[in-house]
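Hi everyone, thanks for making time today. I'd like to walk you through a structure that may be new to you, so please take a look at it with me.

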Amino acid sequence: MTNEPLTPLDDLLGLLDLEPIEENIFRGAAGRATIVPRVFGGQVAAQALVAAGRTVPADRRAHSLHSYFLRPGDPGVPIVYTVDRIRDGRSFTTRRVVAVQHGQPIFHLSASFQTEEEGLEHQEPMPPAPDPLSLPTAAEMLPHYADRLGGPEVVERILEARDAVDLRYVDEPPLASVGERREPKSQVWFRTNGKLADDPMLHICLATYVSDMTLLDSVLLAHGRGGWAVGDVVGASLDHAMWFHRPFRADEWLLYDQESPTAQGGRGLARGRIFTADGQLAVSVIQEGVVRVPRA
């Protein structure tokens with residue numbers, strides 16, 4: 001036996017390994033480090049999808065999820081997930097999951113699973129992007145913007161919140177262009193910082209976790225805002241939807257291509273496409289979030 005310390009990825013995988021309490025009820029551990037003082041939305045979505053998957057036959061893979069963030073999660077308290085077995089059909093299985101803290105629902109997810117089958121096939125082409133290994137890591141890039149973020153301790157908090165994932169911006173992040181409006185589009189490459197088991201559901205849940213990290217960045221770019229860590233906007237995810245099209249591995253490079261078609265009424269809409277390195281469209285994502293300018 002070895003007594004090697006746990007890696008950040010080990011810590012994240014432990015967070016996704018829910019404790020069964022009784023039939024259809026699971027408990028997730030309190031949250032990892034976050035940039036803002038609430039449970040990271042990607043964590044809740046991934047844990048809820050894990051809970052749903054625990055009640056579905058192994059030969060049925062998640063093909064879509066639709067979810068709403070109802071209340072901010074308390075990062076110091078475990079989350080209880082209750083699964084409702086809505087339907088078990090010949091090809092499709094549907095589950096509904098409610099996440100609860102302090103006796104109140106904080107998150108609601110519906111997920112659909114399908115047996116593997118063949119059918120018509122087409123996809124959008126992968127957009128151009130540089131090789132991920134040619135780009136700086138977050139640990140190499142973000143310290144250059146410490147003055148805009150409020151100091152090195154804020155950079156350290158951001159890096160700690162994302163330390164299970166190697167996430168690399170294709171262009172400068174929103175915090176680098178505060179006050180400068182840019183086209184509302186962004187790209188990041190990502191993969192987990194370590195190898196994963198071959199369980200396809202695990203890779204889907206890890207992609208779900210990462211999908212909430214940068215999706216609203218494109219909204220910020222359109223208005224020259226730096227983001228939640230900078231403090232020039234106040235925001236939170238409202239809803240989140242994903243469609244899983246083709247097999248992929250979250251421990252291999254994935255391109256997350258993101259854009260924002262509109263913002264209005266204190267809300268911003270963003271959509272993303274996740275491609276494998278060889279150009280396969282693996283996942284589609286849409287999210288709306290609260291994006292407000294802080295009051296004076």
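I'll start with confidence, then turn to salt bridges and finish with aromatic pairs.

First of all, please keep in mind that this is a predicted model. The average pLDDT over the chain is 92, and 97% of the residues score at least 70. If we go element by element, strand 5, residues 92-101, has the highest mean pLDDT at 98. At the other end, helix 4, residues 146-149, has the lowest, with a mean of 78.

Now to the charged side chains. Searching the whole structure turns up 14 salt bridges, and I've picked a few to show you. Let's begin with D251 and K195: their closest N and O atoms are 3.6 Å apart. This pair links distant parts of the chain, 56 residues apart. D251 sits in the loop between strand 9 and strand 10, while K195 sits in the loop between strand 8 and helix 6. Which of the two is buried, then? D251 is buried, at a relative accessible area of 5%, whereas K195 is exposed, at 60%.

A second salt bridge joins R249 to D198, with 2.9 Å between the closest N and O atoms. Here, too, distant parts of the chain are linked: R249 is in the loop between strand 9 and strand 10, D198 is in the loop between strand 8 and helix 6, and they are 51 residues apart. R249 has 23% relative accessibility and counts as partly exposed; D198 is exposed, at 61%.

What do the side chains of D251 and R249 do? They meet in a salt bridge as well, at 2.9 Å from N to O.

On to the rings. There are 3 aromatic pairs in the structure. One of them is F40 with Y209: the centres are 5.1 Å apart and the planes stand at 80°, so we call this pair edge-to-face. F40 lies in the loop between strand 2 and helix 2, Y209 in helix 6, and 169 residues separate them. Both F40 and Y209 are buried.

F190 and Y256 are also edge-to-face, at 6.3 Å centre to centre and 70° between the planes. Because F190 belongs to strand 8 and Y256 to strand 10, the pair ties together parts that are 66 residues apart in sequence. F190 is buried, with a relative accessible area of 1%, and Y256 is buried at 0%.

Terms used:
Residues numbered from 1 in each chain as written. Heavy atoms only, no water. pLDDT = per-residue confidence, 0-100. Helix = DSSP H or I, 4+ residues; strand = E, 2+ residues; numbered from the N terminus. Salt bridge = Lys/Arg side-chain N within 4 Å of Asp/Glu carboxyl O. Buried < 20%, exposed > 50% of the residue type's maximum accessible area, 1.4 Å probe, protein only. Phe/Tyr/Trp six-rings, centres within 6.5 Å; stacked < 30°, edge-to-face > 60°.
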